[in-house]
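This report looks at aromatic rings and their partners. Here is the structure under discussion.

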Amino acid sequence: FTALETAQKQVLLKNPEGFAGTFITEVKNILANHIAARLHFIKGERDANLNDLDKLFPPEKHDLQRNIEQTGPASLYDAISADSDVERTFIQRLDRDQQVIFYFKFPSAFRIHLPKVIGAYNPDWGIGRYDMGKNKVVLYLVRETKGTTNLDALHFPQEKRKIQCASAFFKALDVDYRPITANTADWWTTMPL
């Protein structure tokens with residue numbers, strides 16, 4: 001308390017709960033940033049909850065959310081709930097891309113468990129795409145659609161941290177992961193974060 005300037009002491013004494021709340025929030029943010037920048041994953045056993053694909057991807061899905069976007073033949077479902085214009089535009093791009101073999105939006109039940117200070121992560125898209133340049137029949141991709149690829153420009157700091165952690169998670173599994181915008185020209189290529 002003695003190291004604080006007079007103005008800081010007055011703010012602290014005027015609203016100690018507010019000061020404590022701000023202090024705790026800042027400490028949590030610093031801790032979360034530290035963890036996200038240094039978190040590593042080791043490939044191990046699969047999560048038992050992810051083994052039941054029928055529960056994750058039922059033959060028929062009743063989505064109660066608004067913003068339903070009709071999809072093309074490569075989609076797992078006839079329609080997908082688009083959370084934003086970015087997702088809506090990306091769905092349209094996937095439907096026009098003749099090299100996309102299949103795509104789906106990850107269900108909300110598909111969660112990557114991260115440290116509690118960061119929170120669980122639910123990726124956006126799983127995509128199978130034929131890559132003529134590499135002469136591979138199917139290239140499996142996981143893409144996260146955002147309004148920008150500049151992680152520092154994201155609206156919420158938690159988004160950046162979750163994307164950093166997801167990058168480490170999918171790297172450990174050798175799955176091609178990348179945040180993109182709806183208009184990223186080469187969305188299928190690998191780009192390091």
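## A charge over a ring

R129 lies over the face of W188, 3.9 Å from the ring centre. The term applies when NZ of Lys or CZ of Arg is within 6 Å of the ring centre and within 35 degrees of the ring normal.

## Basis

The model is predicted: local features need pLDDT of at least 70, side-chain atom pairs count only at pLDDT 80 or more, and totals for chains, interfaces and linings use all residues. Residues are numbered from 1 along each chain as its sequence is written, and side-chain values use heavy atoms, leaving out hydrogens and water.

## Ring pairs

Rings of Phe, Tyr and Trp (its six-membered ring) pair if their centres lie within 6.5 Å; planes under 30 degrees apart are stacked, over 60 edge-to-face, and the rest tilted. The count is eleven aromatic pairs. One of them joins F104 and F106, edge-to-face, at 5.0 Å centre to centre and 75° between the planes. F104 is buried at 15% relative accessible area; F106 is buried at 10%. Buried means under 20%, exposed over 50%, partly exposed in between (1.4 Å probe, protein chains only).

## A link across the chain

Y121 and Y177 pair edge-to-face, because their planes stand at 85°, with ring centres 6.4 Å apart. This pair links distant parts of the chain, 56 residues apart. Y121 sits in the loop between β3 (100-105) and β4 (125-131), and Y177 in strand β6 (residues 176-180). Strands are DSSP runs (E, at least two residues), numbered from the N terminus.

Y121 is buried at 4% relative accessible area, and Y177 is buried at 7%. Ring pairs link Y121 and Y177 with F41, F169 and F170 into a cluster.

Note on methods: Helix = DSSP H or I, 4+ residues; strand = E, 2+ residues; numbered from the N terminus.
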